[in-house]
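Reader: I am new to this structure. Please take me through one part of it closely.

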Amino acid sequence: MLTLIPTPIGNLEDISKRAISALKTSEILFCEDTRVTKKLLNLLNIDYKNKEFISMHSHNEDKILQKLDPEILKTKNVGYVSDAGMPGISDPGSKLVKFAQKHNIPYTVIPGPNAAITAFVASGFEGEFIFYGFLPHKGSEREKKLNEVINSQKISILYESPHRIEKLLNELKEKIPNRTIFLAKELTKLHETFIKGKVKDINIENTKGEWVVVIDKGEKANTLSLTYDEILNLPLPKKEKS
Ligand code: SAM
């Protein structure tokens, strides 16, 4: 049986009873970083000397899964833990789920702490949203994705690192100075900070920490934009009976 186990995004008290129980009963723990998981187990006073740890992260997961015997996951309690929050959300985990689906391995996902959802609720924005995770770091890929975010008719949720948060804010100032955004820094931690306002009015003094950026939906474009083919295929108006 495979269990995807969420871990706190800052506040140790956010670990759930179910997550603790799964950590305790796992005989094998796949971890994004075994050092981070062992530190957590120490903080939770969970004895891990009889557990097997397997490091599985974005750079080696394909290789590990190619060699992994599905029987192990069928016969043992196996857990997957990323460094923080929900596995599979801007973190490894989805490939292990696909592996379980392919080999008919029973699996479950324990719900738990997640920075995107926590920031969305804190933002006070209401309605449909799209989770983008991290934008590409640079070049035309970043420009393309950023334009998609800005033109979206839905609320956008982005993850950003302390090294790039200022760059992102400057890009938004240039493109959408009057849009309302919400920034959440260090969620659930001692220095949790919320900032909401029009992009042009936001200045951050201390970029250090983990960031979620929530961007309100864009205005509906009032110009009709159809491709040539779409125009040709428009239904003709019915003739009124005389
Ligand atoms: N799996 C995690 C989750 O469920 O939220 C996300 C992991 S992703 C590699 C790490 C990014 O999530 C950070 O760079 C930051 O953008 C966001 N993040 C994680 N913890 C956070 C926190 N306590 N406060 C604000 N953002 C956080």
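How many bridges join β8 to strand β9 (residues 193-198)?

Author: First, the ground rules. This is a predicted model: local features need pLDDT of at least 70, side-chain atom pairs count only at pLDDT 80 or more, and totals for chains, interfaces and linings use all residues. Residue numbers start from 1 along each chain, as its sequence is written.

Now the strands. The link between β8 and β9 consists of 6 bridges, and these strands run antiparallel. Strands here are DSSP runs (E, at least two residues) and helices are runs of H or I with at least four, numbered from the N terminus. Two strands pair if DSSP finds at least two bridges between them. β8 also pairs with β10, again in the antiparallel sense, over 5 bridges.

Look at K185. Its bridge partner in β9 is T193. In β10, K185 stands opposite W211.

Follow β10 (211-215) to the ligand. β10 supplies at least two residues of the shell around the ligand, as do α6 (115-123) and β7 (155-160). Of the 23 residues around the ligand, G85, A115, Y159, L187 and E210 come nearest. Here, near means a C-beta atom, placed from the backbone, within 6 Å.
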